[in-house]
Amino acid sequence: MTRKLRLVTGIVLFLFVTGHLINLAFGLISIELLDELKPVFLAPWHNPIGEPLLIVSMLVHGLLGLLALYHRNTLHMTKLDASQLLLGLAIPPLLISHLLGTAIGEEIAGAQASYASVLTFFWVVAPISGLEQVLVLIATWIHGCMGLFVWMRLQSWWPRIAGFAYPLVVLIPVFALLGMVEAGKEAIALQGDSAFMAKVAEGIDPLTNMAAELMAIERNVLIGYGTMILVVLVARAVRLRAQRGLVTLTYVDGPEVRVKAGPTLLEISRMNDVPHAGLCGGRGRCGTCRVRIKAGLDSLPQAAPIEAATLEQIGADPEVRLACQAAPVGGQSLEIERVLPAYTEPEDLHAKKASMPAPLSVGGVQ
Ligand code: FES
């Protein structure tokens with residue numbers, strides 16, 4: 001359930017961001033066209049279903065991200081995981097001023113945010129905030145692409161669309177940034193135009209009148225967000241401290257390692273540089289990290305629903321567990337065998353799936 005929720009809310013947010021960036025790309029033509037197309041791109045979200053869906057997705061996705069941080073047993077992770085985590089944590093503080101100047105500003109200050117006013121603000125009034133927008137655009141796009149890529153590359157249809165998807169991953173943000181730059185230059189050139197400045201005033205003046213309140217909101221949001229991360233990290237440290245004792249883990253083809261209890265079997269492999277497949281990045285979706293427990297199975301904690309569901313989907317034997325989900329407790333000795341080669345690729349799984357007589361779902365989340 002949690003992983004499905006994280007995926008679905010991530011897709012909702014990604015769709016919103018993609019529409020926003022495509023809209024921004026029209027800045028290559030003119031600010032007027034940007035503003036004309038804005039209602040078209042916002043139409044899916046400016047209605048009684050889209051708006052709550054977007055807000056709830058934002059909150060739920062953020063909270064699930066913090067929950068995942070709490071459940072991390074080690075901060076030793078792949079570069080992909082580390083980048084995704086850090087970018088995800090950076091997005092809310094980078095995004096808050098943008099939200100205050102647009103959606104929230106419209107609600108509480110009655111500002112009529114338009115691209116004319118937003119671009120004037122970022123290119124003329126507060127260029128540092130403009131730079132922040134570039135960073136949030138890049139961070140959000142990369143974070144979203146990474147999350148979707150980890151899921152999509154496990155799907156059987158991914159090879160058919162990959163050739164179209166890869167160029168879009170680059171073209172959409174590049175054109176959005178170019179649109180932002182061209183429209184910014186146009187906004188600077190139009191600072192003497194009375195009709196343009198009247199539109200700018202509708203967006204900026206109400207915000208200027210409430211500047212103190214908006215800054216207080218931003219400060220409180222940042223303090224609250226920082227506090228939440230701190231609480232999560234402290235709670236995580238307390239949880240890990242409570243899991244005392246040592247675990248001895250023997251791989252059938254070597255090596256044998258002894259570690260403090262807490263990490264999952266996959267995390268132990270990574271911490272000790274033992275090659276171990278894990279295509280979904282330890283999210284319990286792909287089943288590629290699965291191990292056969294040769295000794296010590298009974299002393300392992302029971303599989304949680306996420307793990308049990310994936311084990312059932314891949315038709316695993318009773319002595320097989322997902323290394324990314326099973327975490328041995330202190331004092332345990334286990335002997336394990338990695339079922340799949342350490343360098344398993346998504347294509348290997350798709351080929352295996354096609355040749356299986358019975359259904360084998362390697363995607364986990366369908
Ligand atoms: S890494 Fe994908 S299920 Fe464990």
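**Exercise 1. Determine the handedness of the crossing of H4 and H7, and describe how the two helices pack.**

Solution. The crossing of H4 and H7 is left-handed, a term for a near helix turned anticlockwise from the far one by less than a right angle. The model is predicted, so local features need pLDDT of at least 70 and side-chain atom pairs count only at pLDDT 80 or more, while totals for chains, interfaces and linings use all residues. Residues are numbered from 1 along each chain as its sequence is written, and side-chain values use heavy atoms, with hydrogens and water left out.

Next, take the geometry: helix H4 (residues 79-101) packs on H7 at an angle of about 140 degrees, with the axes 8 Å apart. This makes H4 oblique to H7, because angles under 35 degrees count as roughly parallel, over 145 as roughly antiparallel, 65 to 115 as roughly perpendicular and the rest as oblique. The axes are lines fitted to C-alpha atoms over the stretch in contact, and angles run from 0 to 180 degrees between N-to-C directions.

Finally, inspect the residues: H4 contributes, among others, Leu87, Gly88 and Ile91, and H7 contributes residues including Val136, Ala139 and His143, where contact means heavy atoms within 4.5 Å. The residues of this contact comprise 11 nonpolar, nine polar and one charged; Ala, Val, Leu, Ile, Met, Phe, Trp, Tyr, Cys and Pro count as nonpolar, Asp, Glu, Lys and Arg as charged, and the others, Gly among them, as polar.

**Exercise 2. Describe the contact of H6 with H7.**

Solution. The axes of H6 and H7 cross at roughly 115 degrees and come within 5 Å. On the H6 side stand Phe121, Phe122, Trp123, Val124 and Val125, facing Pro127, Ser129, Gly130 and Gln133 of H7. By class, six residues are nonpolar, three are polar and none is charged.

Methods:
Helices (H or I, at least four residues) and strands (E, at least two) are DSSP runs, numbered from the N terminus.
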